[in-house]
Amino acid sequence: MPQPPIRLFGEVLFDHFPDGRRVLGGAPFNVAWHLHAFGAAPRLISAVGDDPDGEVIRDAMRAWGMDLAGLQTDAAHGTGRVTVSLIDGEPLYDIVPDRAYDHIRHVPADAGGLLYHGTLALRQPVSAATLQALKSDGPDAVFLDVNLRKPRWSYSSARALLDGADWVKLNRDELIWLDTDDSPPALDLPARARVFLERHGLTGLIVTLGGEGALALTADGAEARIAPPAITEVVDTVGAGDAFAAVLILGILHDWPLTTTLERAQSFASRIVGQRGATCADAAFYAPFIGQWGLQATDYG
């Protein structure tokens, strides 16, 4: 039976670290990379520059066996770049403006499937208009992965992204910020999340809680909360949220129970923080999860 299409819209870029390393990333790219490893058929809709970095990205995707049909080349703008600094082990990001992924063009797509998008690639009007056109193509579900960094986002523009979303992932601070004018302050977190889900007509809401784990709710009344497992070593946390989101999408596509989805997402994200970088180019890294979860491995390259 053919899989429903999965489209991931947004940035692909290089993270540059203080020690001189350059790591390929961007939330939509990372999620697409993981989904491909888990046997899904994601299509990344993004853009790179006509430059050496863009060629490296194409080569990496080709070697991993990913679909390149949605990756555009923009000769007028360079490939995305972020400078990462680590403060007390937490990453801080200097995001270079006006890059190729800010100018993604719309190519009409078939209806159906799942559309994933974040928030970073919507900072310029070209890519913002393309996302709206992709939503108009008629996906079955829209997954919004919120990642708000002031002052790049206003309250009104962030709230507008909730329109048309079916599943939303955000952290506790983002939930409180987006919900400031709506819910009584006295509500506890699950009650506040439930009000937020119902007010915006969502199918599901996932709230990440840092060291306290995560909370998930669905419109049919399901609720699940998990604590993170003990982690023996944290190498770097960059990309942990993207790993978590990739497995959430797997859970949606495979109709896993909500608690099972959260547990598996947390397990994979915990494994990612134990290695350097947001992705891994070794199929063996993914094999234990594929076996435990009953998935079928993809064809790598």
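**Aromatic pairs and their surroundings**

Modeller: Start with Trp-64, which is buried at 4% relative accessibility. This is a predicted model. Trp-33 is buried too, with a relative accessible area of 5%. Across the whole structure, a search finds 13 aromatic pairs. One of them joins Trp-33 and Trp-64. Their rings are stacked, 4.7 Å centre to centre, with 5 degrees between the planes. An angle under 30 degrees is what counts as stacked. Trp-33 belongs to helix α1 (residues 27–37), while Trp-64 belongs to helix α2 (residues 52–64). The pair therefore ties together parts that are 31 residues apart in sequence.

Now take Phe-289 and Trp-293. These two form a tilted aromatic pair. The centres are 5.3 Å apart and the planes make 50 degrees. Both residues lie in helix α9 (residues 283–293). They are four residues apart there, so about one helical turn separates them. Phe-289 is buried, at 8% relative accessible area. Trp-293 is buried as well, at 10% relative accessibility.

Charge comes in at Trp-256. Arg-264 lies over the face of Trp-256, 4.5 Å from the ring centre. Another arginine, Arg-22, lies over the face of Phe-14, at 4.2 Å from the ring centre.

Note on methods. Residues are numbered from 1 along each chain as its sequence is written. This is a predicted model: local features need pLDDT of at least 70, side-chain atom pairs count only at pLDDT 80 or more; totals for chains, interfaces and linings use all residues. Side-chain values use heavy atoms; hydrogens and water are left out. Rings of Phe, Tyr and Trp (its six-membered ring) pair if their centres lie within 6.5 Å; planes under 30 degrees apart count as stacked, over 60 as edge-to-face and the rest as tilted. Helices (H or I, at least four residues) and strands (E, at least two) are DSSP runs, numbered from the N terminus. Buried means under 20% relative accessible area, exposed over 50%, partly exposed in between (1.4 Å probe, protein chains only). A charge sits over a ring if NZ of Lys or CZ of Arg is within 6 Å of the ring centre and within 35 degrees of the ring normal.
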